[in-house]
Amino acid sequence: MTFHNRKTFCSLIALTLAALAPLTAQAEWGNLNMRVGVTPLSREIYDLHMTIFWWCVGIGVVVFGWMIWSLVAFRKSKGAKPDTTMIHSTKAEIIWTVIPVVILVLMAIPAARTLIAIEDTRNTEISIKATGHQWKWQYEYLGEDVRFYSTLARSSDEARQLQSGVDPKSVPEYLLDVDNPLVVPEDTKVRMLLTAQDVIHAWWVPDFGLKKDAIPGNINELWFKVDKGKTGIYRGQCAELCGRDHGFMPVVVKVVTKAEYAAWLAAQKAPAQSADAAEPAVDTAMPATAASPAADPAPAG
Ligand SMILES: [Cu+2]
């Protein structure tokens, strides 16, 4: 390698680093990866993801390392001569079949363990049915006679209208907030039963590591158990393209302590009679929301 070539090589490396530098400065690199989440399942999924990731890195280093070494060590300028006589090697075939099979089996063992854990809905303490509608979620606490709609927050809905004059950036949690969040207690195994009323939707909360389709005429299950002490708001979205307002039906889960949950549930039940009267008011608000986007030139109806 001449000095000139080495200099070009070094400049290239410097240029690449310079191009990446602003990225390092501004982007939170942590956001590029999957979230660890706040449930035992999400952690297990994250650990599995990292395990497989490092397997892939190892494989990449070996395969590309070998390839690059071969290119450099056996280049023509060094007088390498191609071997044109070898057209088949059973030994090589066996090696490059057996090694990947062993690796895949080793990867399948922890993956299968996690998949089984995801499906294990035994001993759940609370069951909640979530029904996807165009374009909102309905939650029903089974056996508790508590049900309500969870619709895009008013602030977001107003800002999203064409020529609303509202800067979406000024709206906190734009398109990620709802009027009535799903409320669940911490440290409790919650089972979600997912279905839909019209088209396929999907219920997704990244911090729980879970996403599953909500299909009309079908019930899908998932479960989560938020770690003790991880109370707070967790946000997700519909993850199945479900029509015009697919981007406007977020999922918001409010995780509270067990005592707060008991109090909340009691409060939901207490005005059950008056809530029945109030519910149509919520319902009548829905068609207005659905028909209101100014982006839709056709008059709704
Ligand atoms: Cu959707």
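## Overall composition

The model is predicted, and its protein chain holds 6 helices and 10 strands. Of the 301 residues in the protein chain, 18% are buried. Among the contacts in the protein chain with a separation of 6 or more, 70% are made by residues 24 or more positions apart.

## Helices H2 and H3

Helix H3, which covers residues 90-119 and has 30 residues, reaches 42 Å from its first C-alpha to its last, close to the 44 Å expected at 1.5 Å a residue. Helix H2 has 34 residues, which at 1.5 Å a residue should span 50 Å, and the 49 Å between its end C-alpha atoms agrees with that expectation. The number of buried residues among the 30 of H3 is 0, so H3 lies largely in the open, and H2 is hardly covered either, with a count of 2 buried residues among its 34.

Two packed helices are described by the angle between their axes and the distance between the axes. For H2 (residues 40-73) and H3, the angle is about 170° and the axes are 10 Å apart; angles over 145 degrees count as roughly antiparallel, and H2 and H3 are therefore roughly antiparallel to each other. On the H2 side the contact is made by Leu 41, Glu 44, Ile 45, Leu 48, Thr 51, Ile 52 and Trp 55, which meet Ile 103, Met 107, Pro 110, Ala 111, Thr 114, Ala 117 and Ile 118 in H3. By class, this contact of H2 with H3 has 11 nonpolar, 2 polar and 1 charged residues.

| Strand pair | Sense | Bridges |
|---|---|---|
| S1 (residues 126-133) and S2 (residues 136-141) | antiparallel | 6 bridges |
| S2 and S3 (residues 146-150) | antiparallel | 5 bridges |
| S1 and S5 (residues 190-196) | parallel | 7 bridges |
| S4 and S10 (residues 251-256) | parallel | 4 bridges |

S1 and S2 form a hairpin with 2 residues between them, whereas the hairpin of S2 and S3 has 4 residues between the strands, and in that hairpin Gly 143 takes a positive phi near 80°.

Leu 193 lies in strand S5 and counts as partly exposed, because 17 C-beta neighbours lie inside 10 Å and a residue is buried only if 20 or more do. Apart from its neighbours within four places in sequence, Leu 193 is in contact with Ser 127, Lys 129, Ile 219 and Glu 221. Leu 193 and Ser 127 are 66 residues apart in sequence, yet their C-alpha atoms are 7.2 Å apart in space.

Asn 220 is found in strand S8 and is also partly exposed, with 16 other C-beta atoms within 10 Å. Leaving aside neighbours within four places in sequence, Asn 220 is in contact with Leu 194, Lys 212, Asp 213, Ala 214 and Ile 215. The C-alpha atoms of Asn 220 and Met 192 are 8.0 Å apart, although the two residues are 28 residues apart in sequence.

## The sheet S4-S10-S9-S6-S7

Another open sheet is formed by 5 strands in the order S4-S10-S9-S6-S7, again with mixed pairing. Its edge strands are S4 (182-185) and S7 (210-214), each of which pairs on one side only. Neighbouring strands of this sheet are turned by 25° against each other on average, direction ignored. Where S4 pairs with S10 in the parallel sense, the bridge partner of Pro 185 in S10 is Val 256. Helix H5 (residues 258-269) packs on this sheet, where it touches S4 and S10, and its direction makes about 135° with that of S4.

Conventions
Residues are numbered from 1 along each chain as its sequence is written. This is a predicted model: local features need pLDDT of at least 70, side-chain atom pairs count only at pLDDT 80 or more; totals for chains, interfaces and linings use all residues. Two strands pair if DSSP finds at least two bridges between them. A residue is buried if 20 or more other C-beta atoms lie within 10 Å of its own, exposed if 12 or fewer, and partly exposed in between; C-beta atoms are placed from the backbone. Two residues are in contact if their C-beta atoms, placed from the backbone, lie within 7 Å. The expected span of a helix is 1.5 Å times one less than its number of residues. Axes are lines fitted to C-alpha atoms, for helices over the stretch in contact, and angles run from 0 to 180 degrees between N-to-C directions. Angles under 35 degrees count as roughly parallel, over 145 as roughly antiparallel, 65 to 115 as roughly perpendicular and the rest as oblique. Ala, Val, Leu, Ile, Met, Phe, Trp, Tyr, Cys and Pro count as nonpolar, Asp, Glu, Lys and Arg as charged, and the others, Gly among them, as polar.
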